[in-house]
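Open the model in your viewer and keep the selection tool at hand. This tour goes stop by stop.

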Amino acid sequence: MAVGAGACLGLALSLFSSDSTSSAYTAPAIRVQPVTARVGNQARLSHVPLNAVAEPEQFGSDNVWETVPVQSKAAAPLWAVMTLPFLGAIVGYFLRSSKQVSTEMRPIALHETVASTSYFTSMAMASSTAEKFSTDKSTAIFEEAKGLMPGGVSSPVRAFKSVGGNPIVFDRVKGAYCWDVDNNQYIDYVGSWGPAIVGHANDEVLETLRQTLEKGTSFGAPCALENVLAKKVIEAVPSVEMVRFTNSGTEACMGMLRLVRAFTGREKIIKFEGCYHGHADGFLVQAGSGVATLGLPDSPGVPKGAAAGTLTAPYNDLATVEALLKANEIAAVILEPVVGNSGFIPPTKEFLVGLRDLTTKYGALLVFDEVMTGFRIAYGCAQSYYGVTPDVTTMGKVIGGGLPVGAYGGRKDIMSMVAPAGPMYQAGTLSGNPLAMAAGIKTMEILQRPGSYEHLEKITKRLIDGILAAGHDAGHDVCGSNISGMFGFFFCKGPVMNYQDATKSDTKKFAKWHRLMLEHGVYLAPSQFEAGFTSLAHTEADIDRTIAIAREVMKQL
C-alpha cells in the first residue's frame with residue numbers, strides 16, 4: 001500500500017514538472033461495472049457455507065457499463081521515481097495512525113451503484129455479521145397455547161410432533177415468504193397447505209378483498225359472486241356441470257359422500273390407503289395427512305358402522321380394486337388423483353384410466369378429490385392433466401384464494417340430488433361467502449394468464465431436481481418428483497407408488513433435514529407425509545438459494 005501511494009504521489013508531482021508539450025495518448029476504453037452486495041437482510045443464513053458457487057449477476061447494458069477513457073502521460077522524470085519510497089513511507093505512517101478500517105467489505109462504485117441480487121454474493125457477505133437463529137417468542141406463544149388449545153394448535157400437523165422441536169408462530173406473509181414472531185424470514189414451500197398459488201397476500205387479491213369487504217363480510221343469502229365463481233369452475237373442470245360451495249375441503253367431501261350414496265342407493269365406498277379426504281367418520285380409515293404423520297390408528301370415536309362401509313385398497317393397484325368391486329355393491333371409488341397426503345405420490349396413467357373403466361363396468365361412481373390438486377397442477381385440475389374424467393369432483397384451497405372454501409360438483413343428473421333441487425340435504429351458514437368467492441375469482445383470473453403453469457413447472461422441477469441431486473451427492477437414498485407447482489421427496493431408494501412404499505422413508509433423517517432447513521430460512525411441511533407447494537411468486541433466485549442451503553444441510557445429516 002505504501003509503495004502504491006508513493007507511486008501515485010510521485011506521478012502526480014511529475015505531471016506538474018513535465019514539459020507541457022509531452023506526448024499523450026488515449027488507451028482503449030475500459031468498461032467498469034459497480035457492484036453492491038446486500039448484507040443486512042440475509043443475516044439469518046449463518047450456517048450456509050461460503051464455498052457455494054457464485055454465478056455472476058446479469059445486468060442490462062444501458063445503465064451499468066460505462067466507457068472510461070484512460071489518459072497516459074509521458075514517463076516521469078528520474079527524480080520523481082527516486083522519491084517513491086520516501087513518499088510511500090510517509091503515507092503509510094499516516095494510514096497506520098488513522099481510524100481502523102472496517103473488516104466488512106464495502107462496495108466500490110465509479111458512478112451510481114446497482115444493487116446486486118446475487119444470492120450467493122449476499123450469502124457470503126452475511127456470514128460475518130449473522131445473528132444466531134432464535135425462536136424464543138414462538139416458543140413462548142406455543143407454550144401458552146398448549147394450555148388453551150389441544151396440543152397448542154388448531155390442526156394437528158402444525159404442532160411439529162413428527163419432526164421435533166416447537167413450531168414457529170407466524171406473524172405475516174407476503175409473496176413467497178413468511179416471517180415468524182421473532183422476525184425470522186423464510187422461503188415458504190407450504191403456502192398455507194396449497195391455497196397461496198399466486199403468492200401470499202397478492203396485491204390484486206387484496207385489493208379485490210378490500211372492495212368486497214366494504215359491502216359486508218357475510219350475507220347468509222345468495223350473492224352474484226357465487227355465480228361468477230361457479231361459471232369459472234364449470235368452464236374449467238371437465239366433470240363439473242353443477243357445483244355446490246362449502247366452507248372447507250372436509251365439508252365438501254362429507255357432502256360428496258352423502259351424495260354418491262344417495263344417487264346410487266349403495267352404502268359402501270372404496271378409498272385408498274394413505275389418501276386423506278377430511279376428518280368425516282367414514283374417511284378416517286387408513287387415512288393420510290395428520291393421521292399418517294402422527295402414526296395414529298383409525299380414530300377413536302368413529303362408530304364401527306361408519307367405518308364398516310369403507311373399504312381400502314393400495315394406491316396404483318387395479319387388481320385389488322377390481323376384486324373389491326366384484327365382491328361388493330360399491331357406491332363410489334374415491335381417490336386423490338395425485339396423492340399429497342402421504343407425501344407426493346403421482347398415479348400411473350394406466351391406474352386412472354383403469355379406475356374409470358372399472359367403475360363404469362360395475363356401476364360405481366368415480367370421484368376425484370381435487371381439494372389439493374384442483375387448479376394447482378393444471379387449470380382444469382388433475383382430470384384435465386391426465387385426460388380422465390370422473391363423475392364427481394371435490395375442490396377447495398385454490399378456489400378460495402386463501403380464504404376458507406370448499407366445493408363439490410359433477411354431472412347435472414347427480415348434482416340434482418342435492419337440496420333444494422333434490423332430497424339429499426346439505427347446508428352451511430357461510431357457504432358462498434362473498435369474501436371467499438371474490439378471492440377465488442381473482443386468483444383464477446391470475447392463473448389464466450399466459451405462462452402461469454409453465455412458470456410453476458419450471459421452478460418446481462428445478463427445485464426438486466436440485467434437492468435430489470444434493471441428496472445423492474451427499475450419499476443419501478432419495479427419490480421424488482413434481483407435477484407443476486406440487487412436489488415431494490422421500491429418504492428412500494424408491495420408487496414410491498403407494499403409502500406402504502412411503503413408510504419406508506427414513507423419517508428420523510427427514511426430521512433432522514426439516515429442522516436444519518428451517519434454521520437456514522426454508523419453511524417446509526413439518527411431515528414426511530405431506531406434499532410441498534410453490535407459487536407464482538417464487539423466483540429462480542429463491543430456488544437457487546434453497547438448493548444451495550439444501551446442499552449444505554444434506555452434508556450434515
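What follows is a list of selections, with a note on what is found at each.

**Before you start**

This is a predicted model, in which local features need pLDDT of at least 70, side-chain atom pairs count only at pLDDT 80 or more, and totals for chains, interfaces and linings use all residues. Residues are numbered from 1 along each chain as its sequence is written, and side-chain values use heavy atoms, with hydrogens and water left out.

**Stop 1: the whole protein**

Select everything. There are 19 helices and 16 strands. Helices (H or I, at least four residues) and strands (E, at least two) are DSSP runs, numbered from the N terminus. Of the 557 residues, 50% are buried. Buried means under 20% relative accessible area, exposed means over 50%, and partly exposed lies in between (1.4 Å probe, protein chains only).

Now consider contacts, meaning heavy atoms within 4.5 Å. Among the contacts with a separation of 6 or more, 77% link residues 24 or more positions apart.

**Stop 2: confidence**

Color by pLDDT, the predictor's confidence in each residue, from 0 to 100. The mean for the protein is 82, and 74% of its residues reach 70 or more. Select residues 5-81: here the pLDDT is below 50, and the stretch has 125 contacts in the model beyond near neighbours in sequence. Then select residues 94-130. The pLDDT is below 50 there too, with 66 contacts beyond near neighbours in sequence. Where pLDDT is low, the predicted coordinates should not be read in detail.

**Stop 3**

Two strands pair if DSSP finds at least two bridges between them.

Zoom in on strand 11 (residues 392-396) and strand 12 (residues 406-410). They pair in the antiparallel sense over five bridges. Pick threonine 393: its bridge partner is glycine 409, in strand 12.

**Stop 4**

Select valine 163. It is found in the loop between helix 5 (136-145) and strand 3 (170-174). Is valine 163 buried or exposed? Valine 163 is buried, with a relative accessible area of 7%. What does valine 163 touch, not counting residues up to four places away in sequence? Phe510, Ala511, His514, Pro526 and Ser527. Valine 163 and threonine 507 are 344 residues apart in sequence, yet 8.1 Å apart in space, C-alpha to C-alpha.

**Stop 3: backbone details**

Two cis peptide bonds come next.

- Select alanine 419 and proline 420: the bond from one to the other is cis, with omega near 10°. Proline 420 sits in the loop between helix 14 (412-415) and helix 15 (434-447).
- Select glycine 494 and proline 495: they are joined by a cis peptide bond, with omega about 0°. Proline 495 is in the loop between strand 14 (486-490) and helix 17 (499-502).

Then look at phi.

- Serine 192 is not a glycine, yet its phi is positive, about 60°. Serine 192 lies in the loop between strand 5 (185-188) and helix 6 (203-213). Serine 192 is partly exposed, at 44% relative accessible area.
- Cysteine 381 also has a positive phi, near 75°. Cysteine 381 belongs to helix 13 (residues 381-386). Cysteine 381 is buried, with a relative accessible area of 0%.

**Stop 4: cysteines**

How many disulfides are there? The count is zero, where a disulfide is a pair of cysteine sulfur atoms within 2.5 Å. Select cysteine 223, which is buried at 11% relative accessible area. Cysteine 253 is buried too, at 1%.

**Stop 5: helix 19**

Finish with residues 540-556. Helix 19 has 17 residues and reaches 25 Å from its first C-alpha to its last, close to the 24 Å expected at 1.5 Å a residue. The expected span is 1.5 Å times one less than the number of residues. Helix 19 is mostly covered, with twelve of its 17 residues buried. Among them are Asp542, Ile543, Arg545 and Met554.
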